[in-house]
Amino acid sequence: MRKNTHKAILRKAALALLTPLLFSACNNLNRQAEAIDTDSLLVLIHERDQQIRHELMRVQRAFIADQRAELVDSIVMLVEEQERADSTNRCVVDSLLRDGWPEGLSEQSNHTIWLVIDHADVDYQERYLPLIEQQVTRGVISAADYATLSDRVNVHRQRPQRYGTQTGYKQHNEETFTYVYPIEDIERLDSLRLSVGLDSMHIYLHRVSETLGTTVALDPQLTWEQLNTQIAAITEK
């Protein structure tokens with residue numbers, strides 16, 4: 001127990017030293033990256049990414065539950081903080097991938113590179129999607145991660161998603177509309193999910209519903225035109 005506690009203290013101290021190094025101006029990142037271990041840098045990026053998003057999700061769930069006005073300010077501040085962190089993370093990943101995928105990284109570091117790409121805008125995602133696909137064949141990136149990123153790109157472009165990994169919700173007044181984005185082939189959905197290591201759609205939707213605190217239903221016939229119409233109707237109320 002003492003040994004683990006000592007390691008935890010050292011880890012917190014190391015991350016405290018790395019934090020200002022990471023979250024400074026993008027034009028200094030190349031020089032800074034040379035001064036520290038790449039895996040350590042990516043550990044920090046991963047922890048910061050998840051910390052902000054988990055807190056944002058917690059506050060969003062609270063807002064869905066009771067609509068307290070003061071939570072809106074917290075959501076706005078967390079979104080701004082998330083956008084700043086994401087921008088810096090993209091600078092790091094661009095630097096790391098300039099000459100191709102780095103060799104010798106830990107499994108978590110490889111996943112963190114994918115995570116930064118997955119949380120970026122669609123143009124950034126599309127730029128690196130072929131490289132991510134290559135890493136699946138090399139065993140560096142999981143097929144499930146590639147499926148998720150592929151679905152994100154399709155959803156951003158308002159195309160049907162293949163693996164059913166993307167859900168959304170629209171909040172207006174006291175009404176919450178949750179949905180699964182349109183599916184390409186509902187008959188093959190579960191077999192495609194299982195082929196890349198994802199749970200069945202039933203299990204996935206149960207997990208998402210628990211996370212959001214509201215039921216998320218799958219409409220197998222939903223099209224993008226219908227979804228946009230439904231969202232517009234809620235917004236206009």
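**Exercise 1. Find the salt bridge between Asp-199 and Arg-207, and say how exposed its two partners are.**

Let's start with the distance: the Asp-199 and Arg-207 side chains meet in a salt bridge at 2.6 Å, N to O. The term asks for a side-chain nitrogen of Lys or Arg within 4 Å of a carboxyl oxygen of Asp or Glu. Next comes exposure, where buried means under 20% relative accessible area, exposed over 50%, and partly exposed in between (1.4 Å probe, protein chains only). Asp-199, at 35% relative accessibility, is partly exposed, and Arg-207 is partly exposed at 41%.

A word on the source: this is a predicted model, in which local features need pLDDT of at least 70 and side-chain atom pairs count only at pLDDT 80 or more, while totals for chains, interfaces and linings use all residues. Residues are numbered from 1 along each chain as its sequence is written, and side-chain values use heavy atoms, with hydrogens and water left out.

**Exercise 2. Work out which elements the salt bridge of Asp-94 and Arg-127 ties together.**

First, the contact itself: Asp-94 and Arg-127 form a salt bridge of 3.3 Å, N to O. Then place the residues: Asp-94 belongs to helix 4 and Arg-127 to helix 6, so the pair ties together parts 33 residues apart in sequence. Helices here are DSSP runs (H or I, at least four residues), and strands are runs of E of at least two, numbered from the N terminus. Finally, Asp-94 is partly exposed at 24%, and Arg-127 is partly exposed at 49%.

**Exercise 3. Describe how helix 5 is covered, and check its span.**

Begin with burial: nine of the twelve residues of helix 5 are buried, among them Asn-110, Ile-113 and Trp-114. Now the span, which is expected to be 1.5 Å times one less than the number of residues. For helix 5 this gives 16 Å, and the end C-alpha atoms are 16 Å apart, which agrees. To finish, look around Ile-113: leaving aside neighbours within four places in sequence, Ile-113 is in contact (heavy atoms within 4.5 Å) with residues including Leu-42, Val-93 and Trp-101.

**Exercise 4. Characterise the ring pair of Tyr-179 and Tyr-181.**

Rings of Phe, Tyr and Trp (its six-membered ring) pair if their centres lie within 6.5 Å; planes under 30 degrees apart are stacked, over 60 edge-to-face, and the rest tilted. By this rule there are three aromatic pairs. Tyr-179 and Tyr-181 make an edge-to-face pair, 5.2 Å centre to centre with 90° between the planes.
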